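Work through the following exercises with the model in view, taking each solution one step at a time.

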Amino acid sequence: MINISNLIKRKEYIGSSKDLYQRLLDHLKGRDSNIRLQRSIAKYGIESFIFVIYYWYKDPAVILTDIETEVIKSFPFEDLYNFKKEANSSLGYKHTIKAIRKMKLRLKDKTKHPMYGKKHSIFALGKISKPGVKNPMFNKKHTIETKKKMSLAKSKTPLALYNKNNNLIKTFTNQVELAQYLNISKSTIGRYLKSGNILLDKFIIRKFKE
DNA sequence: TACGAATAAAATTCAGACGG
DNA sequence: CCGTCTGAATTTTATTCGTA
């Protein structure tokens, strides 16, 4: 529950939001704000305004708009910038299938994406940063499928196993796979691949090109 | 000196926040 | 919605280290 007041005109704007900072930013940047408030800011300057928090709840079960309506009622309506006596919110609104389809279509050309080629602000980066226990992956395990994907993506040097007479025995996607096949340490595989020496007096390992 | 274990480095997926 | 981001988890590959 917030209030932005103009000290000179003695007028107030009452608002509420799930994300206080985000909503305040809307008003400060003049996007999706209240037009009366915006005009007044333009006229008197932002330094004529003060910002007050009336109520602060972390519990999502608290219906902020109900409280907001009560607060609005407690002021003479003509002393407010607000247009509506009843507060409402789009919290929990779901896009229609049509709207989603439209968005998808527009974004098919990825240069059309609002973020295309842009950099995030320092502030946004700070919000995104989640070190330690705050990280969504903290203390979680990757699934077998995920591990497989990672393995596949990382294995870009296929290897071929030859015998002493240069006959191809088998090909492998990476060193680990070959190590398992021979039941030998992967360190050894890497070493012999690099040196080109004969392994166990039997095998030669080379990079495989098809 | 040769091996495997341990560790480091680089690269990748994942889940989640941001924001037009 | 989806492109821009992050850090944890995990993998492959490269390097270091102790042991016989």
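**Exercise 1: the helix pair**

Helix 7 passes helix 8 in a right-handed crossing, a crossing being right-handed if the near helix is turned clockwise from the far one by less than a right angle, and left-handed if anticlockwise. The model is predicted, and local features need pLDDT of at least 70, side-chain atom pairs count only at pLDDT 80 or more, while totals for chains, interfaces and linings use all residues. Residues are numbered from 1 along each chain as its sequence is written, and side-chain values use heavy atoms, without hydrogens and water.

Task: determine at what angle helix 7 and helix 8 pack and which residues make the contact.

Solution. The two axes, lines fitted to C-alpha atoms over the stretch in contact, with angles from 0 to 180 degrees between N-to-C directions, lie 8 Å apart at an angle of about 115 degrees. Helix 7 is therefore roughly perpendicular to helix 8, a label that covers 65 to 115 degrees. Contact (heavy atoms within 4.5 Å) involves Gln175, Val176, Leu178, Ala179 and Leu182 of helix 7, together with Lys186, Ile189, Gly190 and Leu193 of helix 8.

Notes: Chains are lettered from A and ligands numbered from 1 in the order in which they are written. Helices (H or I, at least four residues) and strands (E, at least two) are DSSP runs, numbered from the N terminus. Angles under 35 degrees count as roughly parallel, over 145 as roughly antiparallel, 65 to 115 as roughly perpendicular and the rest as oblique.
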